[in-house]
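Please consult the sequence and the coordinates alongside the text.

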Amino acid sequence: MDTLVKFFPISCKKAIFLAIFLCCMITTSLKGAKTSVSSSSSSSSHSDQHDLLTYFKSTTFLKNPMNIILQNQSRTSKITLFTDCSIWTKECSNEILKVAQKRENVKWIKSVRRKIHEHPELAFQEYETSKLVRQELEKMEIIYRFPMAITGIRAMIGSGQPPFVALRADMDALPIQEAVEWEHRSKIAGKMHACGHDAHVAMLLGAAKILKAREKNLKGTVILIFQPAEEAGNGAKRMIKDGALENVEAIFAAHVSHQHPTGVIGSRTGPLLAGCGFFRVVISGKTGKASNPHHSMDPVLAASAAVISLQSIVSRESDPLDSQVVSVTSFNAGDNLDVIPETVTLSGTFRAFSRTNFYQLLKRIREVFTEQASVFRCSATVDFFEDKDTIYPPTVNDDRMYKHVKMVAEDLVGTSNFKVVPPMMGAEDFSFYSEVIPAGFFYIGIRNETLGSTHTGHSPHFMIDEDVLPIGAATHAAIAERYLYEYGS
């Protein structure tokens, strides 16, 4: 048949194939009415129909889904041809959401999340979580690379050709004792998924299942990144170093949020989360009797002056419309009531929404401590833990990627369920990806007062409304597939 029509223009081919297809349907109906049709010829007819239908499914000339009724004697079957999404329509998004919300898929995705929740693992220790992810990928026949960053995984779905778009989920838990009483609470003492990373993994696996089922429709390649150690471990940095972003031109990720009702999606263009750093300062002086302070060099006085001076960095050196934070969170000196201590140790954190302002804060914090210490004849050493990867740059959404997330979200959950959110002073190591390639980070709501899903992340009472899982899976899948349609060849 291909040989017969290869000389015709594509529009003619479409007409020819449609005519042949309808003729086959009519012929089948007529044959079904005849009592003289043998079982062998009936089998052949069904084989022809199947071959032709397979060809039609792989051909992109159908602009709308078609429901075709095939009648064979007393048996009737309904065959649905998938929507052609080379021109994306809302129906394409609806198809993805319907797959995610199938009863068997919802049951499966909840079971995955619950298994992970019951066995939380801390940063770079996600061995069982990683094993579970790999087992599920193997069941779906999805290829992957492992290990990366110790427990991380990089999976691939699609053609293996450009464009490459990535979806990321973090896998690690927190050192928190769970206080929520429910059937699937943490079975590991002192550890808990108190930030929703179990849900993130389940949603990305759910997206993997959807995308694998639609793999022939993908106009490029989707990379799935299962990342360890988001919580103070900078797992993203390690994943990048190990090649997680190889060939990738854009990346997206979600985080569950108790601030929005279940299924509501929120994001914004530009800075979304602050850059975050920590510091520890030791101010050294000379000990002496409190009754004779002139024989000492008082580090308490030097440290106190430095803490007060720090406040002027934000209030007098920063644009009041550009939010920044410097906070001293601990101040430890001696415990002898009659002796001026030799050293004082202080620690704290600082935040900013631009990389320039973030590193300006770092520079000024160091200067204030060292210079104020010298005023009081003391010395100061300032440690920003840079060798321990505790500095997180700001998370900044690329404008095109933000608009892409917004477009997909409004199709899936409706325009009223997409919110433009304000920047937050929290930090995320997704920021390392956003420094390298265009990125889109978004929140998906889990707030449900009836269930008690109202507590902020890092709380022992944190829980999620699991109805978010299929919505999150569909959102991930639609973002990736539509990206390939929008930006692919």
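## Helix packing around α5

The crossing of α5 and α7 is right-handed, the term for a near helix turned clockwise from the far one by less than a right angle, with anticlockwise being left-handed. The model is a predicted one, in which local features need pLDDT of at least 70 and side-chain atom pairs count only at pLDDT 80 or more, while totals for chains, interfaces and linings use all residues. Residues are numbered from 1 along each chain as its sequence is written, and side-chain values use heavy atoms, with hydrogens and water left out. Helices are DSSP runs (H or I, at least four residues), numbered from the N terminus.

Helix α5 spans residues 103–118, and its 16 residues reach 23 Å from first to last C-alpha, close to the 22 Å expected (1.5 Å times one less than the number of residues). Its buried residues (under 20% relative accessible area, 1.4 Å probe, protein chains only) include Trp 108, Ile 109, Val 112 and Ile 116. The buried residues of α5 pack against α4 (90–100), α6 (127–139), α7 (197–213) and α13 (468–487).

Axes are lines fitted to C-alpha atoms over the stretch in contact, and angles run from 0 to 180 degrees between N-to-C directions.

| Helix pair | Axis angle | Axis distance |
|---|---|---|
| α5 and α6 | roughly 160 degrees | within 10 Å |
| α5 and α7 | about 145 degrees | 9 Å |
| α7 and α13 | about 55 degrees | 8 Å |

The axes of α5 and α6 cross at roughly 160 degrees, which means that α5 is roughly antiparallel to α6 (angles over 145 degrees). The crossing of α5 and α6 is right-handed. This contact (heavy atoms within 4.5 Å) joins Trp 108, Val 112, Lys 115 and Ile 116 of α5 to Thr 129, Leu 132 and Glu 136 of α6. By class, four of the residues are nonpolar, one is polar and two are charged (Ala, Val, Leu, Ile, Met, Phe, Trp, Tyr, Cys and Pro count as nonpolar, Asp, Glu, Lys and Arg as charged, and the others, Gly among them, as polar).

The crossing of α7 and α13 is right-handed. Residues of α7 including Ala 199, Gly 206 and Leu 211 meet residues of α13 including Val 468, Gly 472 and Glu 481. The contact of α7 with α13 comprises 13 nonpolar, three polar and one charged residue.

Note on methods
Helix = DSSP H or I, 4+ residues; strand = E, 2+ residues; numbered from the N terminus. Buried < 20%, exposed > 50% of the residue type's maximum accessible area, 1.4 Å probe, protein only. Parallel < 35°, antiparallel > 145°, perpendicular 65-115°, else oblique.
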